[in-house]
Amino acid sequence: MDLTERLAGRRVLVTGGGTGIGRATCVRLAEEGAAVAVTDVRPEEAAETVRLVEAAGGSATAYELDVTDESATQRVLAEASEMMGGLDGLFANAGITTGGRIQELTLDDWHRVIAVNLTGPFLSIKHALPYLIESGGGAIVATGSVSSVVNGLGGGAVSYKASKGGVLQIIRVVATEHADDGVRANCVCPGFVATKIVDHAIETADATTTPRSEHRPSSRVRPPISRAGDPSEIASVVAFLLSEDASFMTGSAVMADGGYTSI
């Protein structure tokens with residue numbers, strides 16, 4: 001099949017679509033034929049993603065969304081579904097991180113990361129499910145991490161790692177509870193990817209002269225593909241999981257980590 005037609009007619013909402021993996025995925029989904037609702041807490045970033053999608057010949061609409069706000073999540077999902085004529089897919093991608101060892105982490109920082117990374121996907125999935133079921137089923141993908149399954153990527157960041165472990169469990173529950181509704185749910189688990197959210201975990205001592213793609217993970221573990229991934233490499237996995245090519249996959253943790261978790 002021509003990949004430009006693989007998602008033809010599909011309607012997908014992406015959270016955290018303004019930068020990084022979210023932005024790359026919005027562009028990839030549109031390139032494969034999907035209509036995309038781009039949501040982000042920073043409306044100017046969402047609007048820029050829409051511009052890039054349209055420049056690539058795709059169709060997208062921007063929405064400002066704080067994924068920790070339940071009423072806003074309900075409203076945006078309703079507006080986007082009405083605009084697109086339904087919903088076939090959700091990419092629950094919005095996320096943040098903070099460093100620090102457990103005894104250094106403030107309760108406010110803990111709550112902030114858990115709210116965005118764990119409560120956010122819960123709310124997005126909860127309120128997307130009725131639209132997916134109404135459309136006859138569909139696919140959900142959430143952004144996990146290698147930290148969903150291992151205590152990797154260096155020390156600290158306990159709130160981030162706890163949240164990503166929780167995201168995988170939400171996906172497994174949804175996959176189990178809603179298979180009979182025709183809904184599939186999977187978790188993409190990136191390793192080091194050259195985005196703002198993991199800049200602190202990538203060696204950037206000579207960032208002015210070293211391409212981001214050549215940065216190596218700041219970790220005692222060196223994966224077989226010993227470089228940072230590109231957001232487009234994760235976007236291609238998400239597009240696959242949202243497509244019918246992944247029709248027999250649900251409840252999976254799909255590692256896109258350069259082999260990090262194989263060590």
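Me: What makes the pairing of Ser-232 and Asp-230 a polar contact?
Reply: In this predicted model, the side chains of Ser-232 and Asp-230 are joined at 2.6 Å. A polar contact requires a pair of N or O atoms within 3.5 Å, one able to donate a hydrogen and the other to accept it. The value of 2.6 Å meets that limit, so the pair is called a polar contact.

Me: Why is Ser-232 called partly exposed?
Reply: Ser-232, which lies in helix H6 (residues 231-242), has a relative accessible area of 38%. Buried means under 20% and exposed over 50%; 38% falls in between, therefore Ser-232 is partly exposed. The C-alpha atom of Ser-232 is separated by 6.9 Å from that of Thr-25, 207 residues apart along the chain.

Me: How do you know that Asp-88 and Arg-11 form a salt bridge?
Reply: The closest N and O atoms of Asp-88 and Arg-11 are 2.7 Å apart. The rule asks for a side-chain nitrogen of Lys or Arg within 4 Å of a carboxyl oxygen of Asp or Glu, so this pair qualifies. The bridge links distant parts of the chain, 77 residues apart: Asp-88 is in the loop between helix H3 (70-84) and strand E4 (89-92), and Arg-11 is in strand E1 (residues 11-14). Both residues, Asp-88 and Arg-11, are buried. By the same rule, the count comes to twelve salt bridges.

Me: Why is Glu-32 called buried?
Reply: The relative accessible area of Glu-32 is 2%. Buried means under 20%, so Glu-32 belongs in that class. Glu-32 also forms a salt bridge with Arg-28, with the closest N and O atoms 2.7 Å apart. Arg-6, Arg-28, Glu-32 and Asp-245 are linked in a network of salt bridges.

Me: What separates Glu-48 and Arg-51 in helix H2, and are they buried or partly exposed?
Reply: Glu-48 and Arg-51 are three residues apart in helix H2 (residues 43-55), which means a separation of about one helical turn. Their side chains meet in a salt bridge of 2.8 Å, N to O. Glu-48 is partly exposed at 26%, and Arg-51 is partly exposed at 44%.

Methods
Residues are numbered from 1 along each chain as its sequence is written. This is a predicted model: local features need pLDDT of at least 70, side-chain atom pairs count only at pLDDT 80 or more; totals for chains, interfaces and linings use all residues. Side-chain values use heavy atoms; hydrogens and water are left out. Helices (H or I, at least four residues) and strands (E, at least two) are DSSP runs, numbered from the N terminus. Buried means under 20% relative accessible area, exposed over 50%, partly exposed in between (1.4 Å probe, protein chains only).
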